[in-house]
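Subject: Handover of a structure, with notes

Dear colleague,

Please find below the structure that I am handing over to you. My notes on what was found in it follow directly after.

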Amino acid sequence: CLPPDVFKKYVEGLLDQLWMLLKSVDNTYYLEQFVIARRVILGLQRAKVDPAVLDRTISAEKHDQIKMSLEKFRPCSDGYARRTTYSQTSSLTGRLTVTDGPNILTLKKDQRSIIQSRYKSGVIAQVDFVSLEPRVMLKIMSVEPPVDIYTSVVENVFTGSISRDIAKTSTILTLYGGSPHTLAKNIPSSSNVDPYEIHKTIRDYFSISSLESKLKRDLKKDGFIRNHYGRRINSGSSLVNHFIQSTSVDVSLMGFGNLINELEIKSVRASPLYIIHDAMLFDIHYDDIEKFKKIIKSGITVPGFSGKFPATFELIND
């Protein structure tokens with residue numbers, strides 16, 4: 001309904017704006033890491049579900065809400081559950097949420113036996129990154145962490161004065177922004193340790209104050225912060241927590257992307273099924289289990305970081 005000259009001018013203006021938009025996002029997070037992660041998510045395969053085991057699991061469950069969640073795993077006529085739809089944008093940090101289909105994120109670990117292999121004598125296995133958040137923090141500091149970070153913290157930071165369990169609890173809570181008071185409530189009173197001293201020591205070891213200061217400067221300057229890869233986080237509080245959590249989300253997704261590529265290159269018959277935060281479920285052909293385990297044992301490469309990230313392998317339907 002516009003005159004030709006007005007329409008032409010409108011289209012020219014629209015094209016100019018599109019070019020400016022493309023230029024502003026060129027080589028940024030949403031054209032690189034976000035797209036890589038999206039490919040991993042869209043490449044997940046439908047899971048085969050045993051209806052008899054599902055029925056028994058539902059019958060044994062006492063809570064109606066969980067029963068309804070389990071029903072979403074009900075297989076279609078071909079024996080496979082509907083595809084799970086994940087969102088990368090529903091949470092502040094990019095942590096995945098399920099928006100449709102079977103919700104693997106709320107499925108209890110002991111209920112995962114409802115999933116069966118599509119291969120004869122195949123297995124369902126879970127691959128987990130080891131101590132992902134503290135490992136990411138150390139790698140950002142250009143420190144190559146040991147496989148067992150918490151034992152290293154006990155021996156090299158606290159010279160054996162605390163247990164590994166206390167080191168693990170304290171490290172995670174401190175990285176997540178917990179206070180000494182929070183630590184005190186989560187450490188057994190019988191341990192006879194000073195939560196204030198532990199809190200300060202862990203903050204110093206992981207250079208949390210330095211990162212916190214940088215993120216505060218970024219927030220003051222830009223009104224938001226970015227994770228290690230450049231993802232924008234509109235956060236005004238818990239800056240370190242949001243930074244580490246968001247970076248870890250991207251690390252796990254891109255790491256799993258590299259793992260899937262390696263499995264394809266080496267002709268390992270393993271179908272990726274579900275992402276559970278920093279873990280992934282695979283359906284593995286029986287003849288390729290040892291090849292799969294060997295790849296996992298060597299660690300997972302992640303773009304943007306040197307070295308490999310250690311991971312664990314666990315059968316869930318053995």
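Helices (H or I, at least four residues) and strands (E, at least two) are DSSP runs, and they are numbered from the N terminus. By that convention, Q33 belongs to helix α2, residues 33–42. The structure is a predicted model, in which local features need pLDDT of at least 70 and side-chain atom pairs count only at pLDDT 80 or more, while totals for chains, interfaces and linings use all residues. Residues are numbered from 1 along each chain as its sequence is written, and side-chain values use heavy atoms, with hydrogens and water left out.

The chain as a whole

The protein chain has twelve helices and twelve strands. Its C-alpha atoms fill a box of roughly 80 × 55 × 45 Å along the principal axes. Of the 318 residues, 45% are buried, where buried means under 20% relative accessible area, exposed means over 50%, and partly exposed lies in between (1.4 Å probe, protein chains only). Among contacts (heavy atoms within 4.5 Å) with a separation of 6 or more, 63% join residues 24 or more positions apart. There are 42 positive and 35 negative side chains, and the centres of the two sets lie 2 Å apart. In this count Lys and Arg are positive and Asp and Glu negative, without His and the chain ends; each charge is placed at NZ of Lys, CZ of Arg, CG of Asp or CD of Glu.

Helix α11

Helix α11 covers residues 239–265, and its 27 residues should span 39 Å at 1.5 Å a residue; the end C-alpha atoms are 39 Å apart, which agrees. The expected span is 1.5 Å times one less than the number of residues. Of these 27 residues, 22 are buried, so the helix is mostly covered. After α11 comes S267, which has a positive phi near 55°.

Aromatic pairs

A search of the whole structure finds eight aromatic pairs. Rings of Phe, Tyr and Trp (its six-membered ring) pair if their centres lie within 6.5 Å; planes under 30 degrees apart count as stacked, over 60 as edge-to-face and the rest as tilted. One of the pairs is F129 with F309, which is edge-to-face, at 6.1 Å centre to centre and 85° between the planes. This pair links distant parts of the chain, as F129 lies in strand β5 (residues 123–129) and F309 in strand β11 (residues 308–309), 180 residues apart. F129 is buried at 5% relative accessible area, and F309 is buried at 0%.

Another pair, F292 with F313, is tilted, with 5.7 Å centre to centre and 55° between the planes. F292 is in helix α12 (residues 289–297) and F313 in strand β12 (residues 311–315), so this pair ties together parts 21 residues apart in sequence. F292 is buried at 0%, whereas F313 is partly exposed at 22%.

Q33 is buried at 13% relative accessible area. Leaving out residues up to four places away in sequence, Q33 touches Y229 and M254.

R112 is found in the loop between β3 (97–100) and β4 (115–116), and R112 is buried at 8%. With residues up to four places away in sequence not counted, R112 touches L107, Q126, I276, L281 and I316.

With kind regards
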